[in-house]
Every structure is written in C-alpha cells, then in structure tokens.
Amino acid sequence: MTKNTATPQNRFEGTDQYVATDALKTAVNAALVLQRPLLVKGEPGTGKTMLAEEVARALGRPLLQWHIKSTTKAQQGLYEYDAVSRLRDSQLGEARVHDIRNYIVQGVLWQAFSSDTPCVVLIDEIDKADIEFPNDLLRELDRMEFHVYETRETIQARHRPLILITSNNEKDLPDAFLRRCFFHYIDFPDRTALADIVAVHYPELRQDILTAAMDAFFRLRDTPGLKKRPSTSEFLDWLRLLLAESTPPEALNQEPIPPLAGALLKNEQDLSLLRRLAMLGQRGR
C-alpha cells in the first residue's frame with residue numbers, strides 16, 4: 001500500500017507531476033460521481049499506470065496496485081487459501097493450524113474493502129489475463145462484497161474504492177464488464193501536449209533541442225510499417241540520453257535513424273526497415 005499525506009479531495013484536477021487533459025480529468029471525476037470503475041486504454045507509455053498513482057496522490061487516498069499477468073486469476077484479488085502451509089503446520093504439530101484464518105491471504109480488493117479510508121485501486125493491464133477474468137469480478141465490483149467460504153464470512157466494503165483499470169487492447173473485454181465501467185481512451189499527445197510533459201521532467205531544456213528532438217521523434221512515429229511506434233516514456237528516456245551525451249540539435253536531423261535510437265526502437269524489424277529506407281534515400285540522391 002502506498003501511503004499518502006495529501007489533503008483529501010473529492011475531485012481530480014491534475015498534479016504538478018502529471019499533465020492531464022481536461023477530458024481525462026472529466027473521466028476520473030465521472031467515475032468518482034458514478035462510483036464505477038474507470039477503464040483507461042491507450043498506447044503503451046501514455047501514462048495509464050502513472051494516472052492511478054497521481055490520482056491517489058491528488059485525492060489524498062492510499063493506493064493499492066494489482067498488476068495482472070497471464071496466469072492471474074480473479075480469486076487472487078479477493079483472497080487465497082494457503083492449504084500447503086496448513087498441511088505442513090499440521091504435520092509439525094503447530095497450534096495455529098486449528099484456526100483456518102491463519103492461512104487466508106488477503107488480496108488487493110479485500111485490503112481495499114476493509115480499509116478505514118477510501119482507497120484508489122489499480123488493476124493494471126487487465127487484458128493480459130484470461131478472457132474470463134473480467135467476468136469473474138463482475139459481482140464483487142458491483143456489490144462491493146464477496147464471500148469467504150473457508151471462514152463462512154462475507155467481506156463488505158467499508159468505503160467504495162475508486163477503481164482504475166488499464167488495458168493495452170491486447171484482447172477485447174466482455175460487454176457485460178464494459179457496461180459497468182466508465183471508459184476513457186488516452187490519445188497520444190500532440191506536439192503541444194508532449195512539450196508540456198517534457199517541461200515537467202526537464203524544465204531547463206533548451207528550446208532548440210526540444211524542437212529538433214520532437215521533429216525527429218514524430219518523423220520516426222510517422223514512418224509507415226513500424227511494428228512498434230515509440231511511446232512518450234521512451235521519448236523522455238531518449239531526451240535524457242541526448243542531454244547526457246550533449247548531443248547537438250543538428251545531429252538529430254539524421255534520417256531516418258536518429259542517434260541513440262535504441263531508446264526509441266525496440267525490435268530488429270523496425271531497425272531493418274529504417275536502414276532500408278536510409279539506403280533507398282541515398283540511392284535517390
């Protein structure tokens with residue numbers, strides 16, 4: 001759990017560390033009013049995960065994070081029964097074996113439901129899990145409660161958490177799940193928005209370097225046939241390298257492969273594509 005010392009608020013107005021569009025702020029506040037999960041989609045690297053961190057900080061709420069893998073099951077977000085440990089303890093004659101509660105491991109949603117204060121819950125990259133994963137959470141997210149069969153108790157939320165769910169669109173989500181969410185798609189930032197993001201991370205960056213870097217970056221993103229277009233986070237990493245190497249602005253006009261391109265290109269197919277384009281360009285001169 002990430003603790004927060006900010007003054008609690010009821011609306012999200014952005015933070016000094018996160019450039020949020022008016023549409024994104026509206027989406028967060030709509031989810032707060034409707035008391036529904038906020039489903040956020042967008043290209044990788046557009047700040048979906050960071051959004052949950054900054055919303056929690058702005059609202060003064062604890063943040064609980066559940067990062068989904070391909071093997072993650074919905075039950076793990078509620079609780080898990082550690083039968084193996086109980087069997088081992090019974091063989092060793094441990095006294096704690098007589099209370100099954102000692103072997104119940106609380107999941108992220110249980111922690112959020114039992115919290116004394118409202119939380120922000122991040123369910124990150126839900127599309128990585130099995131297609132049935134979202135449906136397996138419908139009842140719990142609707143009613144804000146679930147039953148623990150081993151202890152025969154029902155866990156009810158003391159406060160309804162703000163649930164932010166991210167997806168990279170790797171697979172479609174069930175319609176029944178989508179109906180219960182407020183949806184927002186984070187568009188890739190344009191030049192103005194990207195400059196605002198850069199200003200947060202590199203406030204002293206010279207304008208000529210920023211202009212040249214953005215020219216090269218958007219030219220690269222617009223290359224037809226790229227398997228993976230570079231993201232905002234990769235652009236920030238690239239800028240950091242350019243500054244560390246004192247790369248002059250004029251060096252960024254190398255077409256089609258900019259210097260330190262390993263921060264932007266992440267597979268050999270895209271690198272080969274750009275090399276072929278470079279050769280064709282030389283032949284055409």
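User: Which residues in H8 meet Leu-210, Thr-211, Met-214, Asp-215, Phe-217 and Phe-218 in H9?

Analyst: In this predicted model, helix H8 covers residues 191–201 and helix H9 covers residues 207–221. The contact residues divide into seven nonpolar, one polar and two charged. On the H8 side, the residues that meet those of H9 are Arg-191, Leu-194, Ala-195 and Val-198.

User: Why is H8 oblique to H9, and at what angle do the two helices pack?

Analyst: The axes of H8 and H9 are 11 Å apart, and H8 passes H9 in a right-handed crossing. H8 is oblique to H9 because of its packing angle, which is about 125°.

User: Which residues of H10 make the contact with H9?

Analyst: The axes of H9 and helix H10, residues 232–244, come within 11 Å and cross at roughly 135°, and the two helices are therefore oblique to each other. By class, this contact has eight nonpolar, no polar and no charged residues. From H9 come Ala-213, Met-214, Ala-216 and Phe-217, and from H10 the contact is made by Phe-235, Trp-238, Leu-239 and Leu-242.

User: What is the order of the strands in the open sheet?

Analyst: The sheet has five strands with parallel pairing. Strand S2 (63–67) and strand S9 (182–186) are the edge strands, since each is listed as pairing on one side only. Neighbouring strands are turned by 20° against each other on average, direction ignored. Read across the sheet, the order is S2-S5-S8-S1-S9.

User: Which residue is the bridge partner of Val-40 in S9?

Analyst: Strand S1, residues 38–42, is joined to S9 by five bridges, and the two strands run parallel. Within S9, the bridge partner of Val-40 is His-184.

User: Which strands does helix H2 lie across?

Analyst: Helix H1, residues 22–34, lies across S1, S8 and S9 and runs at about 165° to S9. Helix H2, residues 48–59, runs at about 165° to S8. The strands that H2 lies across are S1, S2, S5, S8 and S9.

Methods
Residues numbered from 1 in each chain as written. Predicted model: local features only at pLDDT ≥ 70, side-chain atom pairs only at ≥ 80, totals over all residues. Heavy atoms only, no water. Pairing = 2+ DSSP bridges. Helix = DSSP H or I, 4+ residues; strand = E, 2+ residues; numbered from the N terminus. Axes fitted to C-alpha atoms, helices over the stretch in contact; angles between N-to-C directions. Contact = heavy atoms within 4.5 Å. Parallel < 35°, antiparallel > 145°, perpendicular 65-115°, else oblique. Left-handed = near helix turned anticlockwise from the far one by under 90°. Nonpolar A, V, L, I, M, F, W, Y, C, P; charged D, E, K, R; others polar.
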